[in-house]
Amino acid sequence: MKRHIFFILVSAVALFPVSGYGEDSPQAERAGAAVRPSAKPVPGYASQPGRPRKDMRYSVMMQGFHWESHKASPWWLVIANNAKELAQAGFDMIWLPPSQQAASDEGYIPVQLYNQNSLYGTDRQLKTAIASLHANNILVLADVVINHRVGSSNWADFTNPSWGPETVCSNDEWPYAKGAPDTGAGFPAARDIDHTNAAVNKSISDWMLWLRNTVGYDGWRYDYVKGYAGKFAGHYTQTTMPVFSVGEVWTDLSYGNADGHRQLICDWINSTGGQVSAFDFTTKGMLQYAVATREYWRLRDAQGRPSGLIGWWPEKAVTFIDNHDTGPSTGGGQNHWPFPAENIMQGYAYILTHPGIPCVYWVHYFDWSLKGEIRTLITIRKRQGINAVSPITILVADSAKYAAMVNNNTVVKIGPGSWAPGQGWELATSGKDYAVWTR
């Protein structure tokens, strides 16, 4: 069995959620839950000369790959050739797949970190793609896989950079590991790296700075962050000063305990010192369950707010419908937790009109003939000034429909139930079981 096939199996492993409440919930103090700090959204980030400068709250992200993208090698040229179209559609940030040499086709089992030749293309083609994106005012996030690594010819003969057995967690499967115990969940498909080791800390920081200063990346998507303590993601972020960073906090969701699930995400953000955003897996789960079962009432919590991370900490939430793990890919894919295909546009109508930073999946935009509808929703979002912290009022949430007013100038309705906002609103767009009005 190939190592990348084994990775597919273990990547779906998740931790169980615990109870928790949001900062504004009266239950928070009684439960002793770790609540979010009073962090303020950052209105803009300095960038290097020649790179875009953004108010990240208004960003719309594209996930620039799927599980099978490596088969279209050189994928980097596919990215470069679509940079202009992405910019015209309103995307101003893109997350690329892991670009270092890897033992898995998809890049999630790193080998030589400084070797940027992969099945996605050469290092030169990667730099061409990044330059094309920058020329079109699009910021570029690297997929940073730092929880684990394998050697160049065996389990742990690490090269480029070279690390010794003291860099592998003592409770790893490798019998010669000499590092400290793991600070997170184990990853059997590769060696768990000891982030408490000062040499590892510096080596990873140096590499990430090299990715910024030499390769051209602007920010980070941290992979499998449950594998190591969140404070290390915070440290690497503080050391490398990315334009934007976001972590993959994927844990099991009980649909009857959305608060517990999103509390885990808030706890992780807190553990980074509030420096790293997180993908809003709670919103994804509750939204796809609501549209599949026609239980739209699940999208409103007991305090009348959205039931995902965007209801508690929207400025740190990156919303999405599917990604390379959860959803389909062109020519195959993993489909570990897919959004109902027949309801995809209800999902996009929701996240593209709601707070948080929305992330669109490449497959849905380019391969599912949804480009026109998604592009229209992005245009409305930009025109109406909807951003990560826009105010929201949920107007109705029952067994047939959900409707909300966002930013005081936009109303969205999803679900088969009939509903309209009344006088003073103009229909901006509509499709199967969704509609958007503006004023």
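Trainee: Is Cys 266 buried or exposed?
Mentor: Buried: Cys 266 has 2% relative accessibility. Keep in mind that this is a predicted model.

Trainee: And Cys 169, buried or exposed?
Mentor: Cys 169 is buried too, because its relative accessible area is 1% and the cut-off for buried is under 20%.

Trainee: How many disulfides does the structure hold?
Mentor: The count is 0.

Trainee: Switching to the strands. Which ones close into the barrel, and in what order?
Mentor: There are 8 strands in the barrel, running S1-S2-S3-S6-S7-S8-S9-S12, with parallel pairing. From one strand to the next, the twist averages 25°.

Trainee: How many bridges are there between S7 and S8?
Mentor: 2 bridges, linking S7 (residues 245-247) and S8 (residues 277-279) in the parallel sense. Opposite Val 246 you find Ser 277 of S8.

Trainee: What does H9 touch on the sheet?
Mentor: Helix H9, residues 344-351, packs against strands S9 (317-320) and S12 (357-361). The direction of H9 makes about 155° with that of S12.

Trainee: Now H3 and H4. At what angle do their axes cross?
Mentor: Roughly 5°, and the axes come within 8 Å. H3 covers residues 75-89 and H4 covers residues 123-135. Angles under 35 degrees count as roughly parallel, so H3 and H4 are roughly parallel to each other.

Trainee: Which residues make that contact?
Mentor: From H3, Trp 76, Leu 77, Ile 79, Ala 80, Ala 83 and Leu 86; from H4, Gln 125, Leu 126, Thr 128, Ala 129, Ser 132 and Leu 133.

Trainee: How many of the H3 and H4 contact residues are nonpolar, polar or charged?
Mentor: The contact has 9 nonpolar residues, 3 polar and no charged.

Technical notes. Residues numbered from 1 in each chain as written. Predicted model: local features only at pLDDT ≥ 70, side-chain atom pairs only at ≥ 80, totals over all residues. Heavy atoms only, no water. Axes fitted to C-alpha atoms, helices over the stretch in contact; angles between N-to-C directions. Helix = DSSP H or I, 4+ residues; strand = E, 2+ residues; numbered from the N terminus. Parallel < 35°, antiparallel > 145°, perpendicular 65-115°, else oblique. Contact = heavy atoms within 4.5 Å. Nonpolar A, V, L, I, M, F, W, Y, C, P; charged D, E, K, R; others polar. Pairing = 2+ DSSP bridges. Disulfide = S-S within 2.5 Å. Buried < 20%, exposed > 50% of the residue type's maximum accessible area, 1.4 Å probe, protein only.
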